[in-house]
Amino acid sequence: MSAVQLVGHGGLEQLIHTREAPTPSPMAGEVLIDVHACGMNNTDVWVREGAYGSDTDPTEVSSWRRGRSTLEFPRIQGTDIVGRIVAVGDGVPEARLGQRVMVDFSIYHRPEGDDSLADIDYIGHGRDGGYAEYVAVPSENAYEMTTGISDAELATFCCAYLTAEQMLVRSRLAAGERVLVTGASGGVGSAIIQLARARGAIPYAVTSAGKEEALREIGAEGIILRDAPDLVAEVARVVDAPVDVVADLVAGPMFNDLLRILRPEGRYSTAGAIGGPVVDLDLRTMYLKQLELHGSSQGTRTAFRRLVRYIEDGTIRPLLDRTFRLSDFHQAQRTFLGKSYIGKLVVVPDRHWDEVGAPFATADATSTGGDSDAR
């Protein structure tokens with residue numbers, strides 16, 4: 001089958017487009033999905049780069065899970081999988097054949113009812129994912145979807161919105177509270193804005209110029225430009241009450257200012273650090289204000305099921321910027337790294353392009369590089 005394989009840590013040259021990847025067969029308890037669309041995420045990039053560091057050396061080449069990685073090469077990445085079930089393994093009802101599904105990408109090592117995330121993995125890291133024509137996943141991870149939105153739009157939700165939902169669960173964001181969202185135009189940031197509104201909370205977005213109106217359209221109450229000369233003063237000017245929660249995806253130089261912005265007994269939650277993972281922290285800011293700091297990654301089965309309900313009842317809507325052919329994967333990841341888009345980028349296997357990808361393509365999405373670019 002056609003797939004993009006990660007063959008080692010490093011640059012884009014480590015991503016190889018091949019038409020010779022073995023087509024998986026579903027094992028007992030699994031289903032085989034004909035992939036129609038797969039969303040892109042920052043974790044793909046950091047795993048490729050080995051950018052997770054170690055507990056003692058932040059520059060050490062390391063994959064997700066630091067020191068206990070299940071990553072093996074070659075690996076097919078891709079977590080945000082949407083498609084149709086075309087085969088089932090032993091123990092899976094044949095009635096599942098033909099179902100349109102969205103995949104919960106988390107690999108849970110604890111039984112149903114135990115929502116601990118202390119020892120999780122994910123599809124696209126511990127096992128092959130959706131940057132391919134076919135993928136096999138546990139049947140319980142494949143959720144039948146009846147929503148009328150397109151496959152490409154449906155592929156914008158899985159990782160970003162589950163990550164966002166778990167961040168808000170961890171920080172206990174409640175109706176009427178104010179949440180400041182950094183990296184607000186990205187997949188997780190834009191998801192937090194919508195999910196905060198679903199809770200009755202009031203989101204404020206930190207973003208770059210030119211993205212203000214798009215973020216207001218999905219629910220941002222106010223906009224703070226990230227290059228403001230004094231972030232603390234600008235937030236105080238824009239936000240009409242103390243900030244209860246900071247949902248941070250940027251970190252870097254603004255980290256300590258974000259803690260200063262929080263009200264006493266406020267809560268800080270992070271699931272990423274695109275501005276820099278190693279930060280300056282004045283512990284006095286944290287303990288004198290009695291702040292809570294929460295790290296968050298992925299989400300629980302319970303949170304994913306809640307996400308499915310939000311999608312089906314229209315509480316949240318997709319924010320799809322554009323689609324790319326699987327064979328144009330290098331171009332897709334370059335665009336992803338450029339961060340000039342709003343919402344999500346989605347990859348579509350070439351054989352489904354006319355039915356899934358083409359209506360959402362832009363000039364930037366149709367690189368002439370093809371296989372020569374993606375190898």
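This passage describes the overall dimensions of a predicted protein model and then one of its helices, α9. The model is predicted, with local features requiring pLDDT of at least 70 and side-chain atom pairs counted only at pLDDT 80 or more, whereas totals for chains, interfaces and linings use all residues. Residues are numbered from 1 along each chain as its sequence is written, and side-chain values use heavy atoms, with hydrogens and water left out.

The protein chain contains 12 helices and 17 strands, assigned as DSSP runs (helices H or I, at least four residues; strands E, at least two) and numbered from the N terminus. Its C-alpha trace spans about 55 × 45 × 45 Å along the principal axes. For 375 residues, a compact globule would have a radius of gyration near 21 Å, and the 20 Å of the protein chain agrees with this; the radius is taken over C-alpha atoms, and the rule is 2.2 Å times the number of residues to the power 0.38. Of these 375 residues, 57% count as buried, that is, under 20% relative accessible area with a 1.4 Å probe and protein chains only.

Helix α9 comprises the 13 residues 301–313, which at 1.5 Å a residue should span 18 Å, in agreement with the 19 Å between its end C-alpha atoms; the expected span is 1.5 Å times one less than the number of residues. Within α9, Arg301, Ala303, Phe304, Leu307, Val308, Tyr310 and Ile311 are buried, and their cover includes β5 (100–103), β9 (142–144), α2 (151–154), α3 (158–171) and α4 (187–198). Just after α9, glycine 314 adopts a positive phi of about 80°.

Key: Buried < 20%, exposed > 50% of the residue type's maximum accessible area, 1.4 Å probe, protein only. Contact = heavy atoms within 4.5 Å.
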